[in-house]
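Hi,

Here is the structure I promised to pass on to you. Have a look at it first, and then read my notes below.

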Amino acid sequence: MTRIVIIGGGPGGYEAALVAAQLGAQVTVVEQDGPGGACVLTDCVPSKTLIATSVRKQALLDAAALGVHYSGGPDGDVGTPVADMPLVNLRVKELARAQSTDIAARLAAEGVEVVQAPGRLVDPQVVRAGDRTIRADVVIVATGATPRILPTAEPDGERILTWRQMYDLEELPEHLIVVGSGVTGAEFAGAYRSLGSEVTLVSSRDRMMPNEDADAAEVLEEVYRRRGMNVMGRSRAESVKRTADGVVVTLEDGRTAEGSHCLMTVGMVPNTAGIGLEEAGVTLDRGGFVQVDKVSRTSAPGVYAAGDCTGVLMLASVAAMQGRIAVWHALGEAVQPLRLATVASNIFTDPEIAAVGITQKAIESGEIQANVVKLPLATNARAKMQGFHDGFVKLFCRPNTGIILGGVVVAPRASELILAVSVAVQQRLTVDQLAHTFAVYPSLSGSVTEAARRLMQPMTPSGI
């Protein structure tokens, strides 16, 4: 029986463990924080729970536009929705623990051993888990990553915080300054603005989320500004200091921003230092990320890696697929290498931004030839009924064959709507095939099939 030891219990680790157990391997997961790892306990699950709460509150704020309002109380006060942050944060943390418990139960049901201890690679076939030494035929490193800390903005857990510390706050920040306008910064900035905080978003680039679709980022920034957020572009933070009752953020150009709290979202650092990787022959890049090929192999024989510690698209879905691919390859199963062009991603802002396949930037640079159509969400009947005005559906296809190459959706629940485009990209469907697929009317998904119809190629006489 093949013995597999996995260092790290996040999506890359526990998904690999489940597949390995189902294929008959003896599996041990070494995880010091608990099943699910940081993704479930402190990062993805808690943040998306918080965001779900903020979206619900924003819906209450927007309800008047649909004819729904609060009835007057005895004193004539109609009232406004208020976020009870101790209750919100309690729910966030309880849900994360419940998800971790569910994962633990699933692993136990499949016969996977979980060792709650720090893990270290002694050599390619030996793992040290706390005071225990475990021999393995295959090792999978899935140790994740932690928030990057700037030496001039050290978090104190009270006023200067990482996102992992936000759920311990007893009150809603009066004025939250978010440093970093990437995906994480944009998500938290939007959530706390909807929950009721005054928010300043500090971006070092010309616009929010510079690595995402420009049209999508423009829509989101417009929504944020309309909701009262202060977005400071071209403003790189130099330092963050505590004051008597808050924080002051100093920018490189000499300007300052003052608030009650500061959230630092300036990237991630892989958890690869001091766990014996390089000594065991595992190559790391200059940033400390484990270098892997498309089937998750490292440079050390029998050692694979998955998830954020590899720096390959820091998404839970990618981590999970890397872990599964590692197991399938190690156990000699049929396996397809990881294809990043088929990865669907989502930004959990309000509205959400989902994307899959090629990008608008690649088309505009001439790297890829593609036809493009973009349909405003405001023209969709269901969107009108629900009062959604901001967003669009964008679809890309090859000029001659009509094969769908990708798309972008900016809408409520875009994370659900992108699946149709993701299936089309994965299965190399054409716009004609998608256009002839029934969509419910009225529905937001109807904009996906409508976009496909707009891209359909006219039949030429020779093709009749």
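The buried residues of helix α12 are covered by elements that include β21 (371-376), β22 (392-397), α10 (414-426) and α11 (431-435). Helices here are DSSP runs of H or I with at least four residues, strands are runs of E with at least two, and both are numbered from the N terminus. Contact means heavy atoms within 4.5 Å. Helix α12 itself spans residues 446-455, and seven of its ten residues are buried, so it is largely enclosed by the rest of the structure. Buried means under 20% relative accessible area, with a 1.4 Å probe and protein chains only. The buried ones are G446, S447, V448, T449, A451, A452 and L455.

Before you go further: this is a predicted model, where local features need pLDDT of at least 70 and side-chain atom pairs count only at pLDDT 80 or more, while totals for chains, interfaces and linings use all residues. Residues are numbered from 1 along each chain as its sequence is written, and side-chain values use heavy atoms, leaving out hydrogens and water.

Now to strand β16 (residues 261-264), where you will find H261. H261 counts as buried, at 11% relative accessibility. Leaving aside neighbours within four places in sequence, its contacts include E158, R159, L161 and V247.

M264 also lies in β16, and is buried with a relative accessible area of 4%. Not counting residues up to four places away in sequence, M264 touches L150, A153, I160, L161, T162, W163, V179 and V240.

Enjoy exploring!

Key. Buried < 20%, exposed > 50% of the residue type's maximum accessible area, 1.4 Å probe, protein only.
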